[in-house]
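Hi,

Here is the structure I promised to pass on. Have a look at it first, and my notes follow below.

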Amino acid sequence: MYILCVSIAVLYVDWKAGVEVEPEIYWLYMFQIGFYTHFLFASIFINVKRKDFLMIVVHHLLTISLLSWSYGVRYYYIGVLVLFLQDIGDLLLEAGKTLVYFKVMNGKKYNSMDNLANSVFAM
């Protein structure tokens, strides 16, 4: 079990520049950077351009930059916590966006989808 899950104080103990990164954290960072890079290119070149296009592109650029920076200066414990919280938020955001897209189906508006989407966004 990771001590990070037990005590948050470990984030600030024995930190020094150039500390070695654990293999699990290295691969987590590499997968996450790859994931956000893929979605950045998919958002620009493949996906339908919606009104939130610019926000999505900026979000992916900032995420890639922050991941690279936190890994480079070895603040990876804090980076892992941010990734965990951001992944939960991304899951809820995508669920809410999907519900918004489904509120009008076959020309009929479904208010229940709109209400459900608003409650997901409120979380």
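A quick definition before anything else: buried means under 20% relative accessible area, exposed means over 50%, and partly exposed is in between, using a 1.4 Å probe and protein chains only. By that rule Tyr71 is buried, because its relative accessible area is 18%.

Some housekeeping. This is a predicted model, so local features need pLDDT of at least 70 and side-chain atom pairs count only at pLDDT 80 or more, while totals for chains, interfaces and linings use all residues. Residues are numbered from 1 along each chain as its sequence is written, and side-chain values use heavy atoms, with hydrogens and water left out.

Now the overall layout. The chain has 4 helices and 2 strands, in the order α-α-α-β-β-α from the N terminus on. Helices (H or I, at least four residues) and strands (E, at least two) are DSSP runs, numbered from the N terminus. Of the 123 residues in the chain, 25% are buried. Contact here means heavy atoms within 4.5 Å; among contacts between residues at least 6 apart in sequence, 62% join residues at least 24 apart.

Back to Tyr71, which lies in helix α2. Leaving aside neighbours within four places in sequence, Tyr71 is in contact with Val21, Tyr26 and Tyr29. Val21 is 50 residues away from Tyr71 in sequence, yet their C-alpha atoms are 8.7 Å apart in space.

Val21 and Tyr29 turn up again in the largest nonpolar core, where they are among the residues with the most contacts inside it, along with Ile25, Leu67 and Tyr76. A nonpolar core is a set of buried Ala, Val, Leu, Ile, Met, Phe, Trp, Tyr and Cys residues joined through side-chain atoms within 4.5 Å. Ile25 touches Tyr76, Tyr77 and Val80, not counting residues up to four places away in sequence.

How do the helices pack? The axes of α1 and α2 come within 9 Å and cross at roughly 155°. Axes are lines fitted to C-alpha atoms, for helices over the stretch in contact, and angles run from 0 to 180 degrees between N-to-C directions. Angles under 35 degrees count as roughly parallel, over 145 as roughly antiparallel, 65 to 115 as roughly perpendicular and the rest as oblique. α1 and α2 are therefore roughly antiparallel to each other. By contrast, α1 and α3 pack at about 45°, with axes 11 Å apart, and that makes α1 oblique to α3.

Gln32 sits in helix α1 (residues 23-45) and is buried, with a relative accessible area of 10%. Beyond its neighbours within four places in sequence, Gln32 is in contact with Leu67, Leu83 and Asp87. With Asp87 there is a side-chain to side-chain polar contact at 3.0 Å. (A polar contact is a pair of N or O atoms within 3.5 Å; within protein, one must be able to donate a hydrogen and the other to accept it, and residues adjacent in sequence count only if both atoms are side-chain atoms.)

Finally, the loop between α2 and α3 holds Arg74. Most residues other than glycine have a negative phi. Arg74 is not a glycine, but has a positive phi of about 65°. Arg74 is partly exposed, with a relative accessible area of 22%.

Cheers
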